[in-house]
Amino acid sequence: MKYVSNGRGSIPLITMIALLSISLVVNLPGLAVSPLMGKLEDLFPHSSQLEIQLLTLLPNLVIIPMILLSGKITSLKNQSIILGIGLCIFLFSGVLYCFADSMPMLIGLGALLGIGCGLIVPIAASILSEWFYGRERVKVLGYKSGTSNGIVILATIFVGWAADYSWHAAFTVYLVPIIPLLLLPFMTNSFISKHIRPETPKQIMETAMKDEKGHTGGRKASSISFKHPIYTLMGLILLYIGLTATSMVFTYYLPFTMKHYGLASSEVGIATAMFYVTAMLGGFSLAPYLKLTDKTALYVCILTMLVGLLVLGIFHTLPSYIVGVLLIGLGYGFFQPIIYNKTTQIAPTKADATKFFSYTLAGNYIAISCLPVVVEFFQWVFHNHTADFPYFLNAGILGVIFIIGLIKRRSFVWQTQK
């Protein structure tokens, strides 16, 4: 059996693959429906616009309370059971999608999908933080982010191909949970505890030397003490909400912007795919990025995304849109696992990790859901409904976040080391 380092010894490679396979699921809800919106509108002509929109909105809305519930009911002892239940619900809804023949059924299955995914989302991150430490944990959380974004690229290509054959076939993308279900035996506490290899004396010495040099995420970081950890977590969640909302603004408004400037709607998919490409690359290359940027990692992410938003707002050609989205995706791919690692460090004990992750990840879905409302509010305040306003608005928000970061640079939320 092949082994990989976990920062305090080594665990089976099959276990790391199994743990990462959970992340194949977390970004899928709503995906199969998005490319089918026009076709479903033709298939169900008597459905209202609200019903069509619910197909993509409802799963994400249901996910939020289920993430919080998962954080409440999940413990180190029942983690595998809750994960298995969530995967089974997700898979069951995917099977039923293939036989759905009415709009109410599709909407109901969207809610069921959200329930299953919501139970899985916080565990996908917390279970990695449970078995990985120090720089290995930072690295594997980057892999997690890269995996969850990379599957979106493959799934989007598959959905587009399958939809040409049958609209029901597109929903087979929701059968992906069968992969982590088959690998579930390799990620149980009993299997890992039985096969984990402790550090050798040489490894212990090397880890201690790294900690003395101040590497974030090592033994020192795992024992960080916060007087009020929940307040620190709130600061981290607010940062996560701000960065997620500003990075996702193009998903709502780019189709309208490209149409406004005379570009084909089919080209929107090309630009959107670029986001997930660089987000995936950012996650998989997190370790060298942190080594290069050190304490300025979050600031570089913000500036990269800010430039990307300005490119979207100023230049109006397909190449410029692709460049803008590439920059936003790169920043997103880097900051997301950094936020995950910090959440792990804030949690007082491993038993609290899933609960803290549930709060952080709920912030992610809240940001995505509230973004259009926030943009519309500022459009009303400034009496500006131009196609470019959302990008300039969010670039301005990132500028404010950057300034706040400079002011609070000594706080744990903003400190990032390789």
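Analyst: The answers below take confidence, then salt bridges, a helix and a surface patch. This is a predicted model.

User: How do you know how confident the predictor is in the chain, and where should I take care?

Analyst: pLDDT runs from 0 to 100. The protein chain has a mean pLDDT of 86, and 91% of its residues reach 70 or more. Take care over residues 211-223, where the pLDDT is below 50. That stretch has 22 contacts in the model beyond near neighbours in sequence. Where pLDDT is low, the predicted coordinates should not be read in detail.

User: How many salt bridges does a search of the whole structure find?

Analyst: Two.

User: Why is the pairing of Lys139 and Glu136 called a salt bridge?

Analyst: The cut-off is 4 Å between a side-chain nitrogen of Lys or Arg and a carboxyl oxygen of Asp or Glu. Lys139 and Glu136 have an N to O distance of 3.7 Å, so the pair qualifies. Both residues belong to helix α6 (residues 134-165), three residues apart, about one turn of the helix.

User: What makes Asp352 and Lys355 a salt bridge?

Analyst: Their closest N and O atoms are 3.7 Å apart, and the limit is 4 Å, so Asp352 and Lys355 count as a salt bridge. Both sit in helix α17 (residues 350-382), three residues apart, about one turn of the helix.

User: Is Asp352 buried or partly exposed, and which label does Lys355 get?

Analyst: Asp352 has a relative accessible area of 18%, under the 20% limit, so Asp352 is buried. Lys355 has 26%, so Lys355 is partly exposed.

User: Why does Ile314 qualify for a nonpolar surface patch?

Analyst: A patch residue needs over 30% relative accessible area and no salt bridge. Ile314 has 48%, so Ile314 clears the area cut-off. At 48%, Ile314 also counts as partly exposed. Leu310, Ile314, Phe315 and Phe392 make the patch, about 360 Å² in area. Ile314 lies in helix α15 (residues 297-314).

Key:
Residues are numbered from 1 along each chain as its sequence is written. This is a predicted model: local features need pLDDT of at least 70, side-chain atom pairs count only at pLDDT 80 or more; totals for chains, interfaces and linings use all residues. Side-chain values use heavy atoms; hydrogens and water are left out. Patches are made of residues with over 30% relative accessible area and no salt bridge: like charges are joined within 9 Å, nonpolar side chains (Val, Leu, Ile, Met, Phe, Trp, Tyr) within 5 Å. Accessible areas come from the Shrake-Rupley method with a 1.4 Å probe; for residues, only the protein chains shown count as cover. Helices (H or I, at least four residues) and strands (E, at least two) are DSSP runs, numbered from the N terminus. Buried means under 20% relative accessible area, exposed over 50%, partly exposed in between (1.4 Å probe, protein chains only). pLDDT is the predictor's confidence in each residue, from 0 to 100. Contact means heavy atoms within 4.5 Å.
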